[in-house]
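Here are my notes on this model for a first reading. Please keep the structure open beside them.

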Amino acid sequence: MNMRAPNFDRLTKIYRWMEYFSFGCALERCRFFFLDRCAEARHALVLGDGDGRYTQQLAQRNAGVQIDAMDASPRMLQALRERVALLGPQATERLHTTVCDLRTYDPQPLGYDLVASHFFLDCLTEVEIEALANRLRAALAPRALWIVSEFSIPQRGWMRQPARAIIAALYFAFHWMTRLPVHRLPNYVPILQRADFTLVEKKSFLSGLITAEVWRYANR
Ligand SMILES: C[S@@+](CC[C@H](N)C(=O)[O-])C[C@H]1O[C@@H](n2cnc3c(N)ncnc32)[C@H](O)[C@@H]1O
């Protein structure tokens, strides 16, 4: 394992503008698409949410959820806290943030009924995702949901070749800007399945370049 987590600190202020410039509102629509599935959640674990746009929406739409947000970037987490603070003190009280490297972090066994990771699994290798998923299992409530947004290369269709080029360019750019040590999309699907998660819903955007998924944990 590369010992250092990528450093997204200096992207904090421009990250969202880079995203809007490259993909318009498509990533935002993807991130928020399954928010209504999160309405019943009581304790959420948000992995690598960066500047906190998902966390803010979750806190706003679900007034009863406690949120633990983890990220390796202190500045991203600061932006996340500021964004949630705009909702008022009641939202701030429900938020806990932890600066950590999620490749090694062991979540507390707090019975999380919701996990969310948006464009974060692509910062990890398959080995790292497998280890994270296995560590997460002990921290989850039975039938917890995991909402995943990710880039993907469609199996077929006109987007297949452009998707390869776009994703290669993104990895090149993020390696240059953050020292991200990963260079290709991980195939996380069989990994989540091995960890007893079942895909229950999926929505594609931009002809399959990005997907939003709902996975359910069912401990056998
Ligand atoms: C590509 S950004 C995605 C941010 C946000 N979730 C979104 O939807 O745009 C990846 C985020 O994951 C964090 N991250 C990357 N590798 C990490 C690691 N090993 N441990 C913890 N956080 C990490 C980065 O600091 C960054 O905030």
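1. Start with Asp71. Contact here means heavy atoms within 4.5 Å. Leaving aside residues up to four places away in sequence, Asp71 touches Gly48, Asp49, Gly50, Met76, Leu77, Thr98, Val99 and Cys100.

2. A word on the basis. The model is predicted: local features need pLDDT of at least 70, side-chain atom pairs count only at pLDDT 80 or more, and totals for chains, interfaces and linings use all residues. Residues are numbered from 1 along each chain as its sequence is written, and side-chain values use heavy atoms, with hydrogens and water left out.

3. Is Asp71 buried or exposed? Asp71 is buried (under 20% relative accessible area, 1.4 Å probe, protein chains only). Asp71 has no salt bridge (a side-chain nitrogen of Lys or Arg within 4 Å of a carboxyl oxygen of Asp or Glu). Arg81, the nearest side chain of opposite charge, is 10 Å away.

4. Asp71 belongs to strand β2, residues 66–71 (strands are DSSP runs of E, at least two residues; helices are runs of H or I, at least four). The open sheet has 7 strands, ordered β3-β2-β1-β4-β5-β7-β6, with mixed pairing (strands pair if DSSP finds at least two bridges between them). β3 (95–99) and β6 (197–205) are the edge strands. The twist averages 15° from one strand to the next.

5. Look at β1 (43–47) and β4 (112–118). They pair in the parallel sense over 4 bridges. Ala44 stands opposite Leu114 in β4.

6. Now the helices. Helix α4 (74–85) lies across β2 and β3, at about 170° to β3 (angles run from 0 to 180 degrees between N-to-C directions of lines fitted to C-alpha atoms, for helices over the stretch in contact). Helix α6 (126–137) lies across β1, β4, β5 and β7, at about 155° to β5.

Key:
Buried < 20%, exposed > 50% of the residue type's maximum accessible area, 1.4 Å probe, protein only. Lys, Arg positive; Asp, Glu negative; His and termini not counted.
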